[in-house]
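Here's a quick briefing to read alongside the structure. Have the sequence and the 3D view open as you go.

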Amino acid sequence: MMLLFGTIDAVASELLGGMRMKYSIAICDDSKTDAALVQSFLLEWAKQRGTEVEIEVFPSAESFLFRYDEYKAFDILLFDVEMSGMDAAVHRLALTVGL
């Protein structure tokens with residue numbers, strides 16, 4: 001869990017310009033159990049840092065991309081790299097070309 005917290009801290013500090021009061025986070029995972037575990041880690045991370053998180057969970061790449069088409073303001077995107085149907089490389093390509 002500390003590795004996950006450290007990674008999120010690094011993203012927040014280096015890529016997003018420092019800690020914010022609120023983060024919008026997308027979790028894309030086809031396993032409800034894994035998505036719930038990641039969500040619990042994020043909630044604990046936010047609690048320890050005194051920040052808020054708004055978390056949306058997506059069970060498929062397609063459902064994420066549909067939502068991303070409407071709302072591109074996620075601060076942090078967390079993807080399962082072994083999802084069925086569409087893998088993480090396709091996610092990155094879709095985000096890069098603006099799908």
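Predicted model: local features only at pLDDT ≥ 70, side-chain atom pairs only at ≥ 80, totals over all residues.

**Overall layout**

- Starting at the N terminus, the elements go α-β-α-β-α-β-α.
- If you take contacts between residues at least 6 apart in sequence, 68% of them bring together residues at least 24 apart.
- The protein's accessible surface is about 6000 Å², and carbon and sulfur atoms account for 59% of that.

- As a bit of background, oppositely charged side chains can pair up when their charged atoms come close.
- Lys-22 and Glu-54 make a salt bridge through their side chains, at 3.5 Å from N to O.
- Lys-22 sits in strand 1 (residues 22–28) and Glu-54 in strand 2 (residues 52–58), so this pair ties together parts that are 32 residues apart in sequence.
- Neither end is hidden away: Lys-22 is partly exposed at 44% relative accessible area, and Glu-54 is partly exposed at 33%.

**Strand to helix: Glu-56 and Arg-67**

- Glu-56 pairs with Arg-67 in a salt bridge, with 3.0 Å between the closest N and O atoms.
- This one links distant parts of the chain, since Glu-56 belongs to strand 2 and Arg-67 to helix 3 (residues 61–70), 11 residues apart.
- Arg-67 has a relative accessible area of 23%, which makes it partly exposed.
- There's a network here too: salt bridges link Glu-56, Arg-67 and Glu-70.

**Asp-69 and Lys-72**

- Asp-69 and Lys-72 form a salt bridge as well, their closest N and O atoms lying 4.0 Å apart.
- Asp-69 counts as exposed, with 51% relative accessible area, while Lys-72 is partly exposed at 44%.

**To recap**

- Strand 2 holds Glu-54, the partner of Lys-22 in strand 1, and also Glu-56, the partner of Arg-67 in helix 3.

Notes
Residues numbered from 1 in each chain as written. Heavy atoms only, no water. Helix = DSSP H or I, 4+ residues; strand = E, 2+ residues; numbered from the N terminus. Contact = heavy atoms within 4.5 Å. Areas by Shrake-Rupley, 256 points an atom, 1.4 Å probe, with all protein chains shown as cover. Buried < 20%, exposed > 50% of the residue type's maximum accessible area, 1.4 Å probe, protein only.
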